[in-house]
Amino acid sequence: MPELIPTPPPPEKTQAERIAEAIIAESNRHFPQRLETFKNLWEMLWENDTATPADILTAWGTNAKLMFQAASAERQWVTTLATALNTTPEALLGSDKYLTPAAPVTIHENGTVTLQ
């Protein structure tokens with residue numbers, strides 16, 4: 001049966017609307033990937049079946065402090081994102097274990113990190 005009351009076509013989207021939708025779509029792809037990477041890196045250090053955390057910290061040498069600083073910056077991003085989404089970091093990550101080192105560490109002035 002033909003349409004009795006014609007439905008007008010949707011208006012053409014502006015360039016700004018297309019770009020806004022593309023940014024949202026890319027964010028929806030990127031943010032979950034970033035969260036998974038954060039979790040995977042934590043697990044590679046703290047739950048590794050082939051090397052101990054102490055051995056990995058030793059292998060990092062003076063880069064260990066930088067690695068912990070980077071992880072701290074990522075945790076801050078997770079917290080900021082959770083706040084913006086009106087949720088918790090634990091809910092975004094699926095566990096609170098990712099929010100702290102699995103064991104106490106000491107960060108040394110020379111850039112090395114050791115387990116306490």
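The following questions and answers concern how terms are applied to this predicted model.

Q: Why is Glu3 called exposed?
A: Exposed requires a relative accessible area over 50%. Glu3 has 54% relative accessibility, and therefore counts as exposed. Glu3 lies in the segment that precedes α1 (15-46).

Q: What makes the contact of Glu12 and Arg18 a salt bridge?
A: The term requires a side-chain nitrogen of Lys or Arg within 4 Å of a carboxyl oxygen of Asp or Glu. For the side chains of Glu12 and Arg18 the N to O distance is 3.8 Å, so the pair meets the definition. Side chains of opposite charge can pair when their charged atoms come close. A search of the whole structure finds six salt bridges.

Q: Why is Glu12 called exposed, and why is Arg18 called partly exposed?
A: The relative accessible area of Glu12 is 70%, so Glu12 is exposed, the cut-off being over 50%. Arg18, at 37% relative accessibility, counts as partly exposed, because that class lies between the 20% and 50% limits.

Q: How do you know that Glu26 forms a salt bridge with Arg29?
A: The closest N and O atoms of Glu26 and Arg29 are 2.8 Å apart, and the limit is 4 Å. Both residues lie in helix α1, three residues apart, which is about one turn of the helix.

Q: What class of accessibility do Glu26 and Arg29 have?
A: Glu26 has 42% relative accessibility and therefore counts as partly exposed. Arg29, at 46%, also counts as partly exposed.

Q: Why is Lys39 called buried?
A: Buried means under 20% relative accessible area. The value for Lys39 is 15%, so Lys39 is buried. Apart from neighbours within four places in sequence, Lys39 is in contact with Leu93 and Tyr98.

Q: How do you know that the span of helix α3 agrees with its number of residues?
A: Helix α3 (residues 64-84) has 21 residues, which at 1.5 Å a residue should span 30 Å. The end C-alpha atoms of α3 are 30 Å apart, so the two values agree. Just after α3, Asn86 takes a positive phi of about 60°.

Q: Which residues of α3 are buried, and against which elements do they pack?
A: The buried residues of α3 are Ala64, Phe68, Arg75, Trp77, Val78, Leu81 and Ala82. They pack against α1, α2 (53-60), α4 (89-93), β1 (105-107) and β2 (113-115).

Q: Why is α1 called oblique to α3?
A: The axes of α1 and α3 come within 11 Å and cross at roughly 140°. Roughly antiparallel requires over 145 degrees and roughly perpendicular covers 65 to 115; α1 is therefore oblique to α3. The crossing of α1 and α3 is left-handed. Phe31, Arg34, Leu35, Phe38, Leu45 and Trp46 of α1 make the contact with Phe68, Ala71, Glu74, Arg75, Trp77, Val78 and Leu81 of α3.

Note on methods. Residues numbered from 1 in each chain as written. Predicted model: local features only at pLDDT ≥ 70, side-chain atom pairs only at ≥ 80, totals over all residues. Heavy atoms only, no water. Helix = DSSP H or I, 4+ residues; strand = E, 2+ residues; numbered from the N terminus. Buried < 20%, exposed > 50% of the residue type's maximum accessible area, 1.4 Å probe, protein only. Expected span 1.5 Å × (residues − 1). Contact = heavy atoms within 4.5 Å. Axes fitted to C-alpha atoms, helices over the stretch in contact; angles between N-to-C directions. Parallel < 35°, antiparallel > 145°, perpendicular 65-115°, else oblique. Left-handed = near helix turned anticlockwise from the far one by under 90°.
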